[in-house]
Amino acid sequence: MFTFPLMLTFRCSKCGAFNRVAEGREGTPVCGRCKQTLETAGLPQAVNTGELFAALEASPLPVLVDFWAPWCGPCRMAAPVLEQVARAQAGKVAVLKLNTDENPGPSAKFRISGIPAFLLFQGGRETARQEGLLPAHQFSAWLSQRLGH
């Protein structure tokens with residue numbers, strides 16, 4: 001009996017296109033739109049305002065957005081936690097980072113009152129929010145619960 005491979009989805013860090021890749025695929029996948037190498041480790045991707053809204057509109061995946069600023073100590077402490085969670089959810093959740101100093105518009109639109117703030121979007125709509133830093137295991141549990149895993 002033939003079984004179809006599980007398909008994962010990755011956002012191209014160069015052009016923002018979402019690409020499906022078979023789990024366990026050999027070789028280096030490339031973006032179907034711009035033909036650049038796809039990053040498939042699940043690392044968080046820095047975005048600006050336009051890229052954020054384009055991703056929220058187009059993503060077939062849930063999107064986790066980290067609202068942060070370089071001067072924020074807790075934001076810097078959250079970075080390795082976010083990276084760990086992003087790697088664990090690679091291909092199942094798009095993880096984006098938005099610098100609130102350089103991109104204040106989305107912070108106002110989503111009423112961010114403190115950073116770090118993590119907002120989860122599904123189908124372009126906010127479905128969950130976590131303001132403040134959590135330990136890695138709690139953050140992972142928070143995300144898994146919101147995703148229904």
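Is arginine 129 buried, exposed or partly exposed, and what is its relative accessible area? In this predicted model, arginine 129 is partly exposed, with a relative accessible area of 30%. Its side chain meets that of glutamate 126 in a salt bridge, with an N to O distance of 2.9 Å, and the side chains of arginine 129 and glutamate 131 also meet in a salt bridge, here at 3.1 Å from N to O. Glutamate 126 is partly exposed, with a relative accessible area of 32%, and glutamate 131 likewise counts as partly exposed, at 34% relative accessibility. Through salt bridges that share partners, Glu126, Arg129 and Glu131 are joined into one network.

The count of salt bridges comes to four, and among them is a contact between arginine 87 and glutamate 83, in which the closest N and O atoms are 3.3 Å apart. Both of these residues belong to helix H2, which covers residues 73-88, and they are separated by four residues, or about one turn of the helix. Arginine 87 is partly exposed, with a relative accessible area of 42%, and glutamate 83 is also partly exposed, with a value of 33%.

Because phenylalanine 67 lies in strand E4 (residues 63-68) and phenylalanine 110 in the loop between helix H3 (104-109) and strand E6 (117-122), the pair ties together parts that are 43 residues apart in sequence. Phenylalanine 67 is buried, with a relative accessible area of 0%, and phenylalanine 110 counts as buried at 12% relative accessibility.

Phenylalanine 110 also pairs with phenylalanine 121, and since the ring centres are 5.1 Å apart and the planes stand at 65°, this pair is edge-to-face. The pair links distant parts of the chain, with phenylalanine 110 in the loop between H3 and E6 and phenylalanine 121, eleven residues away, in strand E6. Phenylalanine 121 is buried, with a relative accessible area of 2%. Together, Phe53, Phe67, Phe110 and Phe121 form one aromatic cluster.

Contacts between a charge and a ring are found as well. The charged end of lysine 109 sits over the ring of phenylalanine 110, at 5.7 Å from its centre, while lysine 97 lies over the face of tryptophan 68, at 4.9 Å from the ring centre.

Definitions and conventions
Residues are numbered from 1 along each chain as its sequence is written. This is a predicted model: local features need pLDDT of at least 70, side-chain atom pairs count only at pLDDT 80 or more; totals for chains, interfaces and linings use all residues. Side-chain values use heavy atoms; hydrogens and water are left out. Helices (H or I, at least four residues) and strands (E, at least two) are DSSP runs, numbered from the N terminus. Buried means under 20% relative accessible area, exposed over 50%, partly exposed in between (1.4 Å probe, protein chains only). Rings of Phe, Tyr and Trp (its six-membered ring) pair if their centres lie within 6.5 Å; planes under 30 degrees apart count as stacked, over 60 as edge-to-face and the rest as tilted. A charge sits over a ring if NZ of Lys or CZ of Arg is within 6 Å of the ring centre and within 35 degrees of the ring normal.
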